[in-house]
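Here are my notes on the model, point by point. Please read them with the structure open.

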Amino acid sequence: WAALEPALRERLAAASLHDAVRRGCHMLRTEEEEEAALVQLCRQVCTDKDPAAAGFYREQGNREFSRCQYWAAVRLYSKAASHEPSGSSEVSICFANRSAALFHLGHFEVCLEDIVRAESHGYPDRLLPKVLLRKAECLLCLGRLQEAADAISVVESKIHMDVLMTSPTHQTLLKKLSQLRVKIHEKERCPEPAQEACGDMQGKSEIWEENDSISGASSSLSLNFDTERGRHLVASQDIVPGQRLLKEEAFVSVLCPGESFLLKDSETAWDTRVTNADLYCHHCLRQLLASVPCRECSYAKYCSQDCADMAWEQYHRIECSLGALLLTLGVFCHVALRTVLLAGFAEVNRLVKWSHSGHKDPHNLKARRKCLSEAPDTGAGTRGIPGCSDTGQYQSSYQAVFHLLPHTEQHSPEHKFLCMLSVVAICKRLQEAGLHAAVLNQESSEQWSKPKTSEKSSDELSPELKTVAEAMLRHVLQLQCNAQAITVMQELGPGDGAVVNKKPVRLATAFFPVLSLLNHSCCPNTSVSFSGTAATVRASQPIPRGQEIFHCYGPHQCRMGVAERQQLLSQYFFECRCRVCLSELESDGTSVVSMRNSFCCPSCQAPMQGEGDLLCCSDEACATSVSREKLSCRLWDLQQQIKKALDLLRGRKTDQAIKILQKCQMDAENFLSPEHLLMGEMEDHLAQVYATLGKWQEAARHLKKSIEIVEMHHGPSSEEIGHELFKLAQVLFNGFAVSETLSTIQRAEEILSVHCGPQSAQIQELQEMKTCLSELPRSILERT
């Protein structure tokens, strides 16, 4: 550390490595103080040793627990299961107790899976009748009557084997068994009619013709290459809005732990903070209901045993013991390691060796293309496009990943050194832990069980690990320009309200080699959505034949001005020359978004103008001047007050939240443009407060004002407007404004189907609302 240059020391210190190391300690079962405290807490809950902890779960008299509290119980028992040794009796109790919470939440199939897990982990015989009784209830709720009757017979036989038949517990069980038998007989006499699938779009598949040359792409696209734009996709025929252009599974994806969420209500004393690592499967990225923990570490969690086994076989058996180090070094290093593990050493070695041959000059494009076309099975193929096979096909493969540009010459020496240091640290750890053979695929999963400490450690990496390190360094550098964030729409708050409020959250970082072919534009003609590890690209506007297909890398014309966009895009080592940027640069960088998000005069509310710190009123008759810093401070104070109001709303203190938000509105009108996005956000928050109170008309009024401002910024057909209309449809539906709800649903469907597709969760929910309203009697529809 002392030998490093001062500038590099500053960079490392700024990266908060100490905090990362502290967080990384939570990956493994260690004796650290925080870890031990959590394990002890979970054990108390699972074994009912602590009355306060047990009271959190058990029903007290007629007390009804909210869905939020049951979800908190699910999360807590999931944490407990991940911190106990695999196969211990405590794990079986975790699964059994979690099954009870899942039963109350109505997730009967998942509840049954947890009951099976509890039995397989040696659930105590004395407690088994209670769990088997829950199994019978689940089967009854699912309409599997014969299986429910068989489960009841098993429970009866186990009870009768116990000598203490007269105990109150047995009497309660026998009473419950009798009630279940009656329910089974009733259902057998009067079977429930089979439910029809709801939603016009459900079960329908989109018309799709895959491209012969580009895997996962539509036949309406073609792959081109030129010196200015590099590889890029072009429409080979006219494309209509909403048409699916690409669907690709990530070659590799790594879950980002993300920020901490508090899943509790005001009456719950338990701290049930969770991150994305607790909410989503670490392999397929599906949302977790009841997680299956890794058998060796307390970090990795999966949606099923199949995902757990697949992850272990493909990469986690190597990553498991490196968990703390990978969390410390960051997600890019983790993605780079997993990339080479999924590719396999033979393929990595082949491409690394090929990269050592041929011309090295990255600017000599003709020589580079010639070298690529001459390389068998690795180069550009018949058309000389990098990443294509010798037959001219571009596939979502490691070969395509390897040919993504690393921009080696553009990265700073300090950055490259830090990346190299991180990669070498991982490879050294692999060698020290005896994972060398597993990384090189020289051991099968049957032969390999746990990491073996190397008898003889060496400061020198083996030749094979040097090859792995070289490939990993290439991938870390590639990720700065080619990493794709997988995002999800995540619910805010407990999720048990009448209106669901969501925001986009970064879930994972991934390599999508085909999606990476899309160049950036600040005014893109596509929308990207995600489902698990799959990305889907759709046309967001008509695209005529011959036009390039563009994707937005983040900086969008609706969110920021040209100067800020160009600054953010500098990390990709190019200057954006899209239509919007050229137009704004010609007009001295003035953009509509900057004008709408500007300050207004505190005296006459006219727009303020000026380049430096002193802003002047645009109305010459007013001549008021104010410091930009002073107005910025007022804006910051306003944002803090809004945050305080939202905290009060989460605490169910709606009256106080309304007062603060209304005061914020009055203050904002004195110095912010009426079209400022923050004005729309405040209207949206007020709508949320009134929806919580059940005042649907008032909520709809504020939401409509918010939609007007969002539409000014993002346009009438934007995805942002679609999400706002979805919320308005929920408010109007709950307020029983039938005709207005139906018209709002129709508009929301038209927009969201273009951006997210007809199978999206929001479209399905809109369909359900429409079906519900259409089944109302005509007399009611006419009145509303």
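1. Ala623 is exposed, at 61% relative accessible area. The cut-offs are under 20% for buried, over 50% for exposed and partly exposed in between, with a 1.4 Å probe and protein chains only. Ala623 sits in the loop between strand S16 (614-617) and strand S17 (625-627). Its phi is positive, about 60°, although Ala623 is not a glycine. Helices (H or I, at least four residues) and strands (E, at least two) are DSSP runs, numbered from the N terminus.

2. This is a predicted model, in which local features need pLDDT of at least 70 and side-chain atom pairs count only at pLDDT 80 or more, while totals for chains, interfaces and linings use all residues. Residues are numbered from 1 along each chain as its sequence is written, and side-chain values use heavy atoms, with hydrogens and water left out.

3. Gln605 also deserves a look at its backbone. Its phi is positive, about 65°, and Gln605 is not a glycine. The residue lies in the loop between helix H23 (592-596) and strand S15 (608-609). Gln605 is partly exposed, with a relative accessible area of 38%.

4. Now the whole protein. It has 31 helices and 17 strands. Of its 784 residues, 48% are buried. Take the contacts (heavy atoms within 4.5 Å) between residues at least 6 apart in sequence: 62% of them join residues at least 24 apart. The accessible surface is about 38900 Å², and carbon and sulfur atoms account for 51% of it. Accessible areas come from the Shrake-Rupley method with a 1.4 Å probe; for residues, only the protein chains shown count as cover.

5. How do helix H24 (residues 628-650) and helix H25 (residues 654-668) pack? Their angle is about 160° and their axes are 8 Å apart. Axes are lines fitted to C-alpha atoms, for helices over the stretch in contact, and angles run from 0 to 180 degrees between N-to-C directions. H24 and H25 are therefore roughly antiparallel. Angles under 35 degrees count as roughly parallel, over 145 as roughly antiparallel, 65 to 115 as roughly perpendicular and the rest as oblique. The contact includes Leu638, Ile642 and Leu649 of H24 and Ile660, Leu661 and Cys664 of H25. By class, this contact has ten nonpolar, three polar and three charged residues. Ala, Val, Leu, Ile, Met, Phe, Trp, Tyr, Cys and Pro count as nonpolar, Asp, Glu, Lys and Arg as charged, and the others, Gly among them, as polar.

6. Helix H6 (residues 89-105) packs on helix H8 (residues 128-141) at about 30°, with axes 11 Å apart. H6 and H8 are therefore roughly parallel. From H6, Ala96, Ser99, Ala100 and Phe103 meet Val131, Arg134, Glu137, Cys138 and Cys141 of H8. Six of these residues are nonpolar, one is polar and two are charged.

7. At 24% relative accessibility, His107 is partly exposed. Leaving out residues up to four places away in sequence, His107 touches Trp71, Leu102 and Leu289. His107 and Leu289 are 182 residues apart in sequence, but 8.5 Å apart C-alpha to C-alpha.

8. Is His723 buried or exposed? His723 is buried, with a relative accessible area of 14%. It belongs to helix H28 (residues 719-734). His723 touches Met489, Leu752 and Gln762, not counting residues up to four places away in sequence.
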